[in-house]
Amino acid sequence: MLNEKFPKESNEHAFAPFIRALGKGKKGSRSLTREEARVAMGMILDGDTLDLQLGAFLMLLRVKEETPEELAGFVEAAQARFNAPELKVDIDWSSYAGKKRHQPWFLFSALLLSQNGYRIFMHGSEGHTQGRLYTRSVVETLGLPVAANWSDAARALDASNFAYMPLQSFSPRLHDIIQMRSILGLRSPVHSMARLLNPLHAPLVMQGIFHPPYNPIHQLSANLLQYPTAVVIKGEGGEVERNPDAQCVAHISHQGETFEETWPPLFTQRHLKAEELSIEHMLNVWRGVDEDEYAEAAAISTLALALKYIGNDPSQQGALETATEWWRKRDKQRF
């Protein structure tokens, strides 16, 4: 219920003040406070809004662009409704963009972390944008379990230190809103907040975004949410995957401090994009049957990012050396 802090006019819907705050013209509109954002998203998740109101709210935010305070409030409302158990995980790894130019080589980075003792919780959604290869399809093809509930996730983590859980399994309402992209024609703030959800409260949150201006917004949001460490990169295709052909700037939030760190490109000449997004080729690269310089470098350099910020290696070079060694020693018969 809307309380006295958010007064409404007589006979109007309780959600109307939030739309009014965002849409009251050039001079009258404003961003929501963190508390307002928390209440507004709570009403959305509880089904206390009309479809018309939800569409207006999402698109007004899209035009304005969400603030760190708004994103933090949205995430807090969602976290309060996940009913997630206390499961130990080391890294929260979001995967919401899907890949269009290259296969999701970051999946190999996450699996190498799991093989070496780190517990990885990966979550994402699929199907909201045509022509993309989504993580769930690859996970299923590799024979890895897709968690339908928290019990499934717990079993997967205990069995292999890795769990993939679709957003639909722990927040059907947020999943439905993401799928509205085909109706609205634009991404919504839920695409941003999903990368910050961290439902199991991992100490390291890895986020990949596509549009560089969103880097500091995600970084500052993680800081407001008091995540011990969060890393945001302009990932290949918007996923948490380093493009080894390009410079990578990591936007980091750590123990209340924010800073940036630049990782230089690994190659002087860019590689051509894949002719097709073949999962069979991914399997063959893992098994050592196919050679793919770009794929190996993407998996290794993304792994190095995680290793450095999880505290395994203090230097970039040390993290890269460890990541390279783990790749060489991977279990090629796993799939």
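Reply: The questions below take the labels in turn, and the model they refer to is predicted.

Me: How do you know that the protein chain agrees with a compact globule?

Reply: For 335 residues, a compact globule would have a radius of gyration near 20 Å, and the protein chain has 20 Å, so the two agree. The C-alpha atoms fill a box of roughly 70 × 40 × 40 Å along the principal axes. As for burial, 56% of the 335 residues count as buried. The protein chain holds 16 helices and seven strands.

Me: Why is R101 called partly exposed?

Reply: Buried means under 20% relative accessible area and exposed means over 50%. R101 has 40% relative accessibility, so R101 counts as partly exposed. R101 sits in the loop between β1 (91–95) and α6 (106–115).

Me: What makes H201 exposed?

Reply: The cut-off for exposed is over 50%. H201 has a relative accessible area of 56%, and therefore H201 is exposed. H201 belongs to the loop between α12 (189–194) and β4 (204–209). Its phi is positive, about 60 degrees, although H201 is not a glycine.

Me: And what makes Q226 exposed?

Reply: The relative accessibility of Q226 is 69%, so Q226 counts as exposed. Q226 lies in the loop between α13 (215–224) and β5 (229–234). Q226 also has a positive phi of about 60 degrees without being a glycine.

Me: Why is the contact of R187 with E66 called a salt bridge?

Reply: The rule asks for a side-chain nitrogen of Lys or Arg within 4 Å of a carboxyl oxygen of Asp or Glu. In R187 and E66 the closest N and O atoms are 3.8 Å apart, and the pair forms a salt bridge. R187 lies in the loop between α11 (181–184) and α12, and E66 in the loop between α4 (51–64) and α5 (68–79), so the pair ties together parts that are 121 residues apart in sequence. Both R187 and E66 are buried.

Me: How many salt bridges does the rule give?

Reply: The count comes to 17.

Me: Is E126 buried or exposed?

Reply: E126 has a relative accessible area of 18%, and the limit for buried is under 20%, so E126 is buried. The side chain of E126 meets that of R136 in a salt bridge, at 3.7 Å from N to O. E126 is in the loop between β2 (120–124) and α7 (135–141), while R136 is in helix α7. R136, with 25%, is partly exposed.

Me: How do you know that D152 and R155 are separated by about one helical turn?

Reply: D152 and R155 are three residues apart in helix α8 (residues 150–160), which means about one helical turn between them. Their closest N and O atoms are 2.4 Å apart, and the two form a salt bridge. D152 counts as partly exposed because its relative accessibility is 22%. R155 has 52%, so R155 is exposed.

Terms used:
Residues are numbered from 1 along each chain as its sequence is written. This is a predicted model: local features need pLDDT of at least 70, side-chain atom pairs count only at pLDDT 80 or more; totals for chains, interfaces and linings use all residues. Side-chain values use heavy atoms; hydrogens and water are left out. Helices (H or I, at least four residues) and strands (E, at least two) are DSSP runs, numbered from the N terminus. Buried means under 20% relative accessible area, exposed over 50%, partly exposed in between (1.4 Å probe, protein chains only). The radius of gyration is taken over C-alpha atoms; the globule rule is 2.2 Å times the number of residues to the power 0.38.
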